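Subject: Structure handover

Hello,

Here is the structure you asked to take over. My notes on what was found in it follow below.

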Amino acid sequence: METPGSQSSLHRANLERVVRAVRLAGSLTQAEIARTTGLSAATVSNIVRELKDGGTVQVTPTSAGGRRARSVSLSGDAGIVIGVDFGHAHLRVAIGNLAHQVLAEESEPLDVDASWVQGFDRAEALVNRLISATGVDRSKVAGVGLGVPGPIDVESGTLGSTAILPGWGGIKPAEELRGRLGVPVHVDNDANLGALGELVWGSGRGVRDLAYIKIASGVGAGLVINGTIYRGPGGTAGEIGHITLDESGPVCRCGNRGCLETFTAARYVLPLLQPSHGGDLTMEGVVRLARDGDPGCRRVIADVGRHVGSGVANLCNLLNPSRVVLGGDLAEAGELVLGPIRESVGRYAIPSAARQLSVLPGALGGRAEVLGALALALSEMGDSTLLDGALTAAAPAFT
């Protein structure tokens, strides 16, 4: 029996610190583990050897700074996590292991007018299909990350009203999927998961403070502060789309006038081009035409960039992030949109905050949210089961 402050409880705490650091990062050298956990190099070396002997981690040769090193990651068969992302017109599911390797991924169209029951039927079927296709042991599933395009109440887990998936407001997505799959489910909105995906796998790697801006049917931001998603007490942090730009502007779906969303979201922007480009135009098409030199599309994208930059400038003045990552279809426009964003930031943000900020396109494209869902499942799972083998191997030292 372990007692607080005993040698065995301290040893377990150190094991948990190392396992958690590796689990969240995917892989780390032993020197990086020491810096991340604050443990000495000798202690890390002993713990890694113990975890390797117990089958919890795998160690592979690598290099760091031109010198030989050893990369530590969780064993590929230590567990499985699943990511599920509901978008405004798609359903995407991915299966990954605890070493941050994606084993399978698939996307299919989703009718935005479908009922939430049909949506979860589709998600359950797709998850089961990918599990069968990969041949993974269902008992190894440690958890599921679930993304939805709307605000989640932190206390109740209820999805707020959303115009993107009408008829879904008021349900408890995590509870619904947990009942179907029989494993822990953790839910968050799509912008937060996009931020988490880019933080772990994409353009946010290596920074502790960033904002992920997603522009699609709506406009949202995922905020990362000191390496952690900031949701606010009610779960609505990051609603950058409802910053007021013009009190006399168009009426927004939130009931206010002139919100950033009314100048940048697809359903407000596309009508500007439809008289000259046809009614079947999409934001993906606008970006493609702009990249090909279409003057009208280039002008509209530049205008959107300047408006987004005004919102980003407000974020800079309030939170002073070191990086902004632009996601969604608009990110594919590259400098056509990023240049105007930087121009507005330079004009409206505090100079010191603007100088410290880098504005980059997302590296993950449409995969950001589902990979963020995997990262959410990885971050929320406990380490106890992963330590069983290591603690068994370590037991003789404490008898």
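Grid points are joined across faces, edges and corners, and a volume is the space filled by probe spheres set on the points.

The model is predicted, so local features need pLDDT of at least 70 and side-chain atom pairs count only at pLDDT 80 or more, while totals for chains, interfaces and linings use all residues. Residues are numbered from 1 along each chain as its sequence is written, and side-chain values use heavy atoms, with hydrogens and water left out.

Cavity and pocket

Searching the whole structure gives 1 cavity of 30 Å³ or more. The largest cavity has a volume of about 50 Å³, and its lining consists of Asp 209, Leu 210, Ala 211, Leu 223, Val 224, Ile 225, Leu 319 and Pro 321. Strands β9 (210–215) and β10 (219–225) each give at least two residues to this lining; β10 has the largest share, 3 residues. Helices and strands here are DSSP runs numbered from the N terminus (helices H or I, at least four residues; strands E, at least two).

The largest pocket has a volume of about 1100 Å³. Its lining has 31 residues, and those nearest the centre are Leu 24, Ala 25, Val 200, Arg 208 and Gly 227. At least two lining residues come from each of α1 (7–25), α2 (30–37), α6 (190–201), β11 (228–230) and α13 (368–380). Helix α1 supplies the largest share of the pocket lining, 6 residues.

Surface patch

Two residues of the cavity lining, Ile 225 and Leu 319, also belong to a nonpolar surface patch of about 390 Å², together with Tyr 230 and Leu 318. Patches are made of residues with over 30% relative accessible area and no salt bridge; like charges are joined within 9 Å and nonpolar side chains (Val, Leu, Ile, Met, Phe, Trp, Tyr) within 5 Å. Accessible areas come from the Shrake-Rupley method with a 1.4 Å probe, and for residues only the protein chains shown count as cover. Leu 318 lies in helix α10 (residues 295–319) and is exposed, with a relative accessible area of 71%. The classes are buried (under 20% relative accessible area), exposed (over 50%) and partly exposed (in between), with a 1.4 Å probe and protein chains only.

Salt bridges

Side chains of opposite charge can pair when their charged atoms come close. There are 17 salt bridges in the structure, each a side-chain nitrogen of Lys or Arg within 4 Å of a carboxyl oxygen of Asp or Glu.

Glu 176 and Arg 180 form another, at 2.7 Å, N to O. Both lie in helix α5 (residues 173–181), 4 residues apart, or about one turn. Glu 176 is partly exposed at 22%, and Arg 180 is partly exposed at 22%.

Glu 106, Glu 108, Arg 122 and Arg 129 are linked in a network of salt bridges.

Which two side chains meet in a salt bridge at 3.5 Å, N to O? They are those of Arg 92 and Glu 105. Arg 92 lies in strand β5 (residues 90–97) and Glu 105 in strand β6 (residues 102–109), so the pair ties together parts that are 13 residues apart in sequence. Arg 92 is buried at 18% relative accessibility, whereas Glu 105 is partly exposed at 26%.

The two strands, β5 and β6, pair in the antiparallel sense over 7 bridges (strands pair if DSSP finds at least two bridges between them). Gly 96 has Val 102 in β6 as its bridge partner. The hairpin has 4 residues between the strands, and His 100 takes a positive phi near 65° there. His 100 lies in the loop between β5 and β6 and is buried, with a relative accessible area of 13%. Its C-alpha atom is 9.7 Å from that of Ile 80, which is 20 residues away along the chain.

Regards

Note on methods: On a 1 Å grid over the protein atoms alone, a cavity is a set of points where a 1.4 Å probe fits but cannot get out, and a pocket is an open set with protein on both sides within 12 Å along at least five of seven lines; lining residues have an atom within 4 Å of a point.
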